[in-house]
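Please keep the sequence and the 3D view at hand while reading.

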Amino acid sequence: YNFHAGNFVDNKGYSPQDQTTAELLKSKCIPMPNWVFSAKFPLEELKKWTERQIDIFASAGLTLHQVRIKNPGQGNDWTAEAIWTHVKTIASVFQARKMDPPIVYLHNHDFNGKGAHIGAQAFKLAQKDGFNTLVIDSAYRKNGTHNDNTVLLSALNMTPEQEACLIEYNYNQQAIEKILSRFDSRTSQMTPWDSDWAGGTEGSDIRIAKEYNLDVRKINHAKEVANEVFPLERAVTPFSEYKLRLGIAIMIETGIEPKSSEAVRKWVNGGGKLKVGGDVLVGLKRWETLTPESDKLLSNMADELESAMGQSSKLIGSDSLPAHFTAAQRHTALGYQRKGLEFATAQAKGTDLSPLLVAPHVLHRQPRTLPKGTRFQLLVNPSDSTSRAEIEFCGFGKAANNDITMSFLHEGAGVEIALPDPDAAVVSTADSGPRKAAKGNKFEMPAAVPGEIISYSVKPGDKLKAGQPLCVLESMKMEMKVSVPDEADGLQVKSLPCKGRTAEKQGDILAPGDLLLEMEEAK
């Protein structure tokens with residue numbers, strides 16, 4: 001479903017949601033248009049929105065069959081009567097167009113314990129009017145976030161066989177959650193004491209802050225400053241992550257001091273840029289929550305925005321996929337694009353980490369800290385969760401060539417594996433991979449953000465100019481264009497110490513402070 005930018009539409013008829021729906025249809029995806037429920041939006045606007053969605057699908061040669069209504073916060077105005085009024089308004093447009101009644105999905109998360117009861121009442125109102133294409137979110141009992149489906153379905157006349165199926169379904173869902181979820185919804189914010197890995201939104205914030213060498217206690221302040229300058233509330237789902245990314249960009253920008261909203265405004269209005277991914281820029285542009293500083297930042301980063309808006313030209317389609325991919329691998333590759341293709345390719349070769357999904361204490365542990373004697377399981381066949389191998393870790397060692405050895409015990413037999421020491425590259429020459437830039441050396445440019453090198457925009461011998469494109473990194477899930485900083489203006493490129501991504505191999509992975517570029521005085 002697509003609720004991009006909610007119901008926003010300007011006085012010229014521009015709607016970011018309409019635009020993205022059209023883009024998805026063009027790329028052969030079938031989105032479900034989404035009306036964000038609020039008493040502030042008049043029903044006449046809901047009619048116009050429904051008409052636009054029907055027309056967008058018709059322009060793509062398709063007939064719209066289903067739409068969705070989202071409750072963003074389950075306030076006092078989220079009642080069965082209000083819901084049914086909105087459903088009838090949508091259905092009236094379909095009826096006027098002489099179309100079949102629409103399937104209307106209700107996003108009905110249970111924020112206050114009333115969700116299932118409200119949903120059951122909505123079912124009864126629909127039944128009373130003979131409307132039988134209403135679908136409401138629900139889940140098994142005690143799931144913690146969604147409606148209790150036993151309450152919701154009490155409004156329906158179910159056969160004994162259906163009742164039995166419901167009970168069996170709920171039992172199976174709880175069993176599945178125990179297998180798949182290390183934490184449930186009540187403890188998902190916890191970080192294991194022995195791991196850098198973290199679950200939940202706050203856990204993700206902590207992990208990302210560590211990648212940038214930031215004090216995790218400053219995360220909330222960074223997000224508050226970012227939201228004050230660049231409000232993103234209407235973005236709904238991604239706004240928390242975007243606040244974090246903008247906040248981190250503010251924290252790592254040495255030109256912004258102190259880390260306050262006033263200093264950020266001064267930096268942006270003075271022509272400054274922020275180290276954020278292209279998706280954040282697209283979000284600022286398309287969510288239409290722009291402040292003057294948002295407009296100015298987009299103007300300062302026009303090249304980066306244009307590059308991000310042009311990402312659709314790099315979409316991976318069905319023709320890009322190997323014939324031997326399974327349906328699941330094709331779905332992963334098309335849905336998650338390059339990252340999905342990389343994962344599906346690794347999975348097809350048997351080189352992905354899926355076998356370790358049942359061993360989170362190994363998968364998420366800090367490198368080279370696994371205690372001797374640790375026992376864990378491996379999925380032998382990812383399609384069969386019961387097919388597992390019992391493994392015991394017997395410790396680390398050192399080979400004659402300084403490779404790191406790892407010993408395991410499997411069915412009474414010892415197995416030893418040797419891999420190159422990943423720290424060896426740090427002390428080697430620049431040609432062999434990433435190393436730390438020397439602090440205070442103006443001819444060694446450090447990476448300011450972690451990420452994978454996609455490509456350089458300069459070559460040895462080029463004279464650098466402040467603001468020109470330097471390289472492209474993939475950081476925090478999006479490509480980020482890095483510009484030449486002011487302090488490198490007028491210097492000459494001596495060497496490119498990192499390898500970029502190719503069709504076959506990943507680019508070098510950099511951490512903050514790793515050598516990004518070697519320079520020298522211009523000749």
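## An enclosed strand

Strand β11, residues 469-475, has six of its seven residues buried, so the rest of the structure largely encloses this strand. The model shown here is a predicted one.

The partner of β11 is strand β10, residues 451-456; the two pair in the antiparallel sense over four bridges.

## The chain as a whole

The protein chain contains 15 helices and 15 strands. It has 523 residues, of which 41% count as buried. Among the contacts in the chain with a separation of 6 or more, 58% are accounted for by residues 24 or more positions apart.

## A sheet of four strands

In what order do the four strands of the open sheet stand? The order is β5-β6-β7-β8, and the pairing is antiparallel. The edges are taken by β5 (375-379) and β8 (413-419); each has a single partner strand, so one side of each lacks a neighbour in the sheet. On average, neighbouring strands of this sheet are turned by 35° against each other, direction ignored.

Strand β7, residues 404-410, runs antiparallel to β8, and seven bridges join the two. Leu 409 has Gly 414 in β8 as its bridge partner. As a general point, side chains in a regular strand alternate between the two faces of the sheet.

## A sheet of three strands

Another open sheet is formed by three strands in the order β9-β15-β13, with antiparallel pairing. Here β9 (444-446) and β13 (492-495) are at the edges with a single partner strand each, so one side of each is left without a neighbour in the sheet. From one strand to the next, the twist averages 45°.

Three bridges pair β9 with strand β15, residues 515-520, in the antiparallel sense. Pro 446 has Leu 515 in β15 as its bridge partner.

## Two nonpolar cores

The largest nonpolar core has 33 residues. Ile 69, Ile 83, Val 87, Val 104, Phe 131, Leu 134 and Ile 136 are those with the most contacts inside this core. Two or more residues each come from α2 (43-59), β2 (66-70), α3 (80-96), β3 (103-107), α4 (115-128) and β4 (134-136). Which element gives the most to this core? That is α3, with nine residues.

Leaving aside residues up to four places away in sequence, Ile 136 touches Leu 106, Asn 108, Gly 119, Ala 122, Phe 123, Asn 147 and Leu 152. A second, separate core has 28 residues, including Ala 209, Ile 252, Val 449 and Cys 498.

## Helix α4

At 1.5 Å a residue, the 14 residues of α4 should span 20 Å, and the end C-alpha atoms of α4 are 20 Å apart, which agrees. Just after α4, Gly 130 takes a positive phi of about 75°.

The buried residues of α4 are Gly 115, Ala 116, Ile 118, Gly 119, Ala 120, Ala 122, Phe 123 and Ala 126. They pack against α3, β4 and α5 (149-152).

## Helix α14

How far does helix α14, residues 327-349, span between its end C-alpha atoms? The span is only 16 Å, whereas a straight helix of 23 residues would span 33 Å at 1.5 Å a residue. A bend of about 150° is found in α14 at Gln 337.

Gln 337 is also one of the buried residues in α14, which include Gln 329, Thr 332, Ala 333, Gly 340, Leu 341, Ala 344 and Ala 346. Just after α14, Gly 350 takes a positive phi of about 80°.

## A buried glutamate

Glu 304 is part of helix α13, residues 302-309. Is this residue buried or exposed? Glu 304 has a relative accessibility of 7% and therefore counts as buried.

With residues up to four places away in sequence not counted, Glu 304 touches Lys 273, Leu 281, Lys 481 and Ser 483.

Conventions:
Residues numbered from 1 in each chain as written. Predicted model: local features only at pLDDT ≥ 70, side-chain atom pairs only at ≥ 80, totals over all residues. Heavy atoms only, no water. Expected span 1.5 Å × (residues − 1). Bend = angle between axes of the 7 residues up to and from the residue. Buried < 20%, exposed > 50% of the residue type's maximum accessible area, 1.4 Å probe, protein only. Pairing = 2+ DSSP bridges. Axes fitted to C-alpha atoms, helices over the stretch in contact; angles between N-to-C directions. Core = buried A, V, L, I, M, F, W, Y, C linked by side-chain atoms within 4.5 Å. Contact = heavy atoms within 4.5 Å.
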